[in-house]
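Biologist: I am new to this structure and would like to go through it with you. Could you put it on the screen, please?

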Amino acid sequence: MFWYQQRPRNGLKLIASSTSWRYNSYEDGYSEAKFEVTRASSNYSLMTIKNVTPQDEATYFCAASGP
């Protein structure tokens, strides 16, 4: 699964990707300290944004790829 952030008037930016083995990979500028991704199963993922500030205002998307 993939988590994206889209700030107002900007394109999508990949935050993190998560494999079915529950391994998370974060893109430059993003970290687990701020964007915690958990993967309870192969078809369920949750992203928690910690210590939210006005700079976190955005639309967040989750996308999944097929087998």
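This is a predicted model: local features need pLDDT of at least 70, side-chain atom pairs count only at pLDDT 80 or more; totals for chains, interfaces and linings use all residues.

Biologist: Where does Ser17 lie, and what is Ser17 in contact with?

Modeller: Ser17 lies in strand β2, residues 12–18. Strands (E, at least two residues) and helices (H or I, at least four) are DSSP runs numbered from the N terminus. Apart from neighbours within four places in sequence, Ser17 has contacts with Met1, Phe2, Tyr23, Asn24 and Ser25, where contact means heavy atoms within 4.5 Å.

Biologist: How many helices and strands does the chain have?

Modeller: The protein chain has 0 helices and 6 strands, and the pattern along the sequence reads β-β-β-β-β-β.

Biologist: Which way do β1 and β2 run?

Modeller: β1 and β2 run antiparallel and are joined by 5 bridges; two strands pair if DSSP finds at least two bridges between them. Within this pairing, Trp3 has Ala16 of β2 as its bridge partner. The two strands form a hairpin with 5 residues between them.

Biologist: What about the turn: which residue there has a positive phi?

Modeller: That residue is Arg9, with a phi of about 65°. Arg9 sits in the loop between β1 and β2 and is exposed, at a relative accessible area of 82%. Asn51 also has a positive phi, about 50°, although it is not a glycine. Asn51 is placed in the loop between β5 and β6, and its relative accessible area of 68% makes it exposed.

Biologist: Back to β1: what joins it to β6?

Modeller: There are 5 bridges between β1 and β6, which run antiparallel. Gln6 is opposite Thr59 of β6.

Biologist: And which residues are on the covered face of β1?

Modeller: Trp3 and Gln5 are on the covered face of β1 (residues 2–6), whereas Phe2, Tyr4 and Gln6 are on the uncovered one.

Biologist: Which residues make up the largest nonpolar core?

Modeller: The largest nonpolar core has 7 residues: Trp3, Ile15, Ala16, Tyr30, Phe35, Val37 and Met47. Such a core is a set of buried Ala, Val, Leu, Ile, Met, Phe, Trp, Tyr and Cys residues joined through side-chain atoms within 4.5 Å. At least two residues of this core come from each of β2 and β4. In soluble globular proteins, nonpolar side chains tend to be buried together.

Biologist: What does Met47 touch?

Modeller: Not counting residues up to four places away in sequence, Met47 touches Trp3, Ile15, Phe35, Glu36, Val37 and Tyr60. Met47 belongs to strand β5, residues 44–49, and is buried, with a relative accessible area of 12%.

Biologist: Changing topic, how many aromatic pairs are there?

Modeller: The whole structure contains 2 aromatic pairs. In Tyr30 and Phe35 the ring centres are 5.5 Å apart and the planes at 65°, so this pair is edge-to-face. In Phe35 and Tyr60 the centres are 6.3 Å apart and the planes at 45°, so this pair is tilted. Rings of Phe, Tyr and Trp (its six-membered ring) pair if their centres lie within 6.5 Å; planes under 30 degrees apart count as stacked, over 60 as edge-to-face and the rest as tilted.

Biologist: Why does the second pair tie together separate parts of the sequence?

Modeller: Phe35 lies in strand β4 (residues 35–41) and Tyr60 in strand β6 (residues 59–63), so the pair ties together parts that are 25 residues apart in sequence. Tyr30, Phe35 and Tyr60 form one aromatic cluster.

Biologist: Are those three buried or exposed?

Modeller: Tyr30 is buried at 13% relative accessible area, and Phe35 is buried at 4%. Tyr60, at 22% relative accessibility, counts as partly exposed.

Technical notes
Residues are numbered from 1 along each chain as its sequence is written. Side-chain values use heavy atoms; hydrogens and water are left out. Buried means under 20% relative accessible area, exposed over 50%, partly exposed in between (1.4 Å probe, protein chains only).
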